[in-house]
Amino acid sequence: MFKTNDYWEEEFYEYDEKNLDSIYFDNCTFVKCDFSKATFYSCKFTECTFVNCDLSLSILKSCTFNDVTFTNSKLIGVSWSNCIEPFDIKFDSSNISQNSFHLMDLRAMKFVNCLIKDTGFEECNLERAVFDNCDLELTSFINNSLKKSNFETSRNYLIDPKHNDIEKAQFSLPEALSFLSLLPIKIK
C-alpha cells in the first residue's frame, strides 16, 4: 500500500498495512488505520499524529518516534523496548494496556486520560513524566527514576519506593495511601 519510502505532510485514512519496512514519515497524520499485528522495521515517525488507530500486538524493531501523538488509539500488547532514540511520544485518551517499556528514556513523557493496565515500566527514566487522569491498575514500576513525575490525578497505581526513585514526585490522596500497603504494618 505504501509505494515509496518517504512521506511528508500526508494523511493516511483507514490504511491496514501489516509490513512496513524502512519508511520515513514526517508530519503525517494517520486516521482510523488498522496496524494491529503489523511489523514495523526501521521506520521513522517525526511530528506525526495517530487518531483512532489500532496498533495492538504490533512489532516495533529499530523504529524512531519523535514528537508523535497517539489520540483515541488502541495499542494493546506493544513492546516499545526495541525502539531507538529519539523517543518522544504523547499518549492521549488511548489504551496502552499490556505494554512494555524497558531500559528507555521517557523523560517528560505525557500520558493523558489513558488506560495503562498491566503494563511494565522497568529501568526507565521517567523523570518529569506526567500521568494525567490515567488508570494504572496492575501496572508495575521496577527500578525507575520517577523524580518530579506527576501522578496527582491518576489512580490504581502501586509504586514501591524501595525499588523506584520517587524524589519530589507528586501524588494525591487517597491514591497515595497505596504506599502503605507495601509496608509490613497492619492498619485498622
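This is a predicted model: local features need pLDDT of at least 70, side-chain atom pairs count only at pLDDT 80 or more; totals for chains, interfaces and linings use all residues.
Local features need pLDDT of at least 70, side-chain atom pairs count only at pLDDT 80 or more, and totals for chains, interfaces and linings use all residues. Residues are numbered from 1 along each chain as its sequence is written, and side-chain values use heavy atoms, with hydrogens and water left out.

**Aromatic pairs**

The structure holds 41 aromatic pairs. Rings of Phe, Tyr and Trp (its six-membered ring) pair if their centres lie within 6.5 Å; planes under 30 degrees apart count as stacked, over 60 as edge-to-face and the rest as tilted. Two pairs are tabulated here.

| Pair | Centre distance | Plane angle | Class |
|---|---|---|---|
| F121 and F131 | 5.9 Å | 90 degrees | edge-to-face |
| F171 and F179 | 4.9 Å | 85 degrees | edge-to-face |

F121 and F131 link distant parts of the chain, 10 residues apart. F121 sits in strand 14 (residues 120–122), F131 in strand 15 (residues 130–132). Strands are DSSP runs (E, at least two residues), numbered from the N terminus.

F121 is buried at 0% relative accessibility. F131 is buried at 1%. F179 is also buried, at 16% relative accessible area. Buried means under 20% relative accessible area, exposed over 50%, partly exposed in between (1.4 Å probe, protein chains only).

Strands pair if DSSP finds at least two bridges between them.

Strands 14 and 16 run parallel and are joined by 3 bridges. G120 has S140 of strand 16 as its bridge partner.

Terms used: Helices (H or I, at least four residues) and strands (E, at least two) are DSSP runs, numbered from the N terminus.
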